[in-house]
Amino acid sequence: MKIGLIIAIERELIAFLEAGKNITEEIVNNKKVYMTIINGHEVYALKSGWGIIDAASATQLLITKFGVELMLNFGVTGALDRSLEVEDLFVVKKVLHYEYDVSPIDPVKPSQYEEFAEEFIPLDEEYVNLAKEIYPSLKEAVVASGGKFIEKKEEKLEFFNQGCNICDMEIAAIARTCFLGGVKCLSIKCISDTFDGNGGDFHANVTRSASKAFEVLLGILQKI
């Protein structure tokens with residue numbers, strides 16, 4: 001199988017590069033694509049950069065150029081639930097693109113795309129269930145995803161009250177682009193900053209939390 005891997009930033013990419021795999025590189029559209037074989041699968045990894053625009057662009061590049069059939073994502077995330085702790089691990093079940101809203105002109109809810117019955121974009125149920133089967137301790141995540149780092153507690157509470165328990169800046173774009181391209185999608189997230197945390201906590205924990213998320217994703221790859 002051809003598998004894509006979207007990684008947002010350099011400090012998350014390190015976990016992939018240090019995994020001890022035989023990795024080659026190719027420059028495509030000014031982006032460095034890392035290629036390796038894991039459990040017989042061709043894996044194409046790309047550091048997208050921050051945010052939904054770069055994430056969507058990177059996802060489409062891997063679909064169009066390499067014909068990937070499954071898109072993977074791992075990385076760190078912020079907590080919207082006060083009970084969550086640094087290094088808690090999640091498999092993403094669905095995502096709220098909180099910046100998207102055509103409800104003033106279409107008969108949908110804020111954040112709802114017309115293809116879906118609710119305001120959440122679902123990820124592939126088969127792979128979510130597989131991840132939980134392999135790692136029963138994984139929690140299910142409903143992600144608030146958009147183009148900004150969420151630090152204000154009032155914003156965290158707003159998204160929590162909408163049914164989200166973590167937040168990030170990429171998975172809405174990855175999941176939406178995969179849906180449009182007919183590609184399955186799986187995402188593993190690890191807490192870097194808690195509800196009471198901030199950007200400083202992110203910087204302190206990002207490398208360690210990213211490595212933990214990639215370790216889980218690597219374990220899943222070995223079973224696919």
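Strands β3 and β4 form a hairpin with two residues between them. Within that turn, Asn39 has a positive phi of about 55 degrees. Six bridges join β3 to β4 (residues 41-47), and the two strands run antiparallel. Tyr34 has Ala45 of β4 as its bridge partner. Strands are DSSP runs of E with at least two residues, helices are runs of H or I with at least four, and both are numbered from the N terminus. Two strands count as paired if DSSP finds at least two bridges between them.

The model is predicted: local features need pLDDT of at least 70, side-chain atom pairs count only at pLDDT 80 or more, and totals for chains, interfaces and linings use all residues. Residues are numbered from 1 along each chain as its sequence is written, and side-chain values use heavy atoms, with hydrogens and water left out.

β3 (residues 31-38) also pairs with β2 (residues 24-28), again antiparallel, over five bridges. Ile27 has Lys32 of β3 as its bridge partner. The β2 and β3 hairpin has two residues between the strands, and Asn29 takes a positive phi near 50 degrees.

The largest pocket holds about 150 Å³ of space. A pocket is an open set of points on a 1 Å grid over the protein atoms alone, where a 1.4 Å probe fits, with protein on both sides within 12 Å along at least five of seven lines; lining residues have an atom within 4 Å of a point. Grid points are joined across faces, edges and corners, and the volume is the space filled by probe spheres set on the points. Lining residues include Ile121, Asp124, Phe179 and Lys184. α5 (171-181) gives the most, with three residues.
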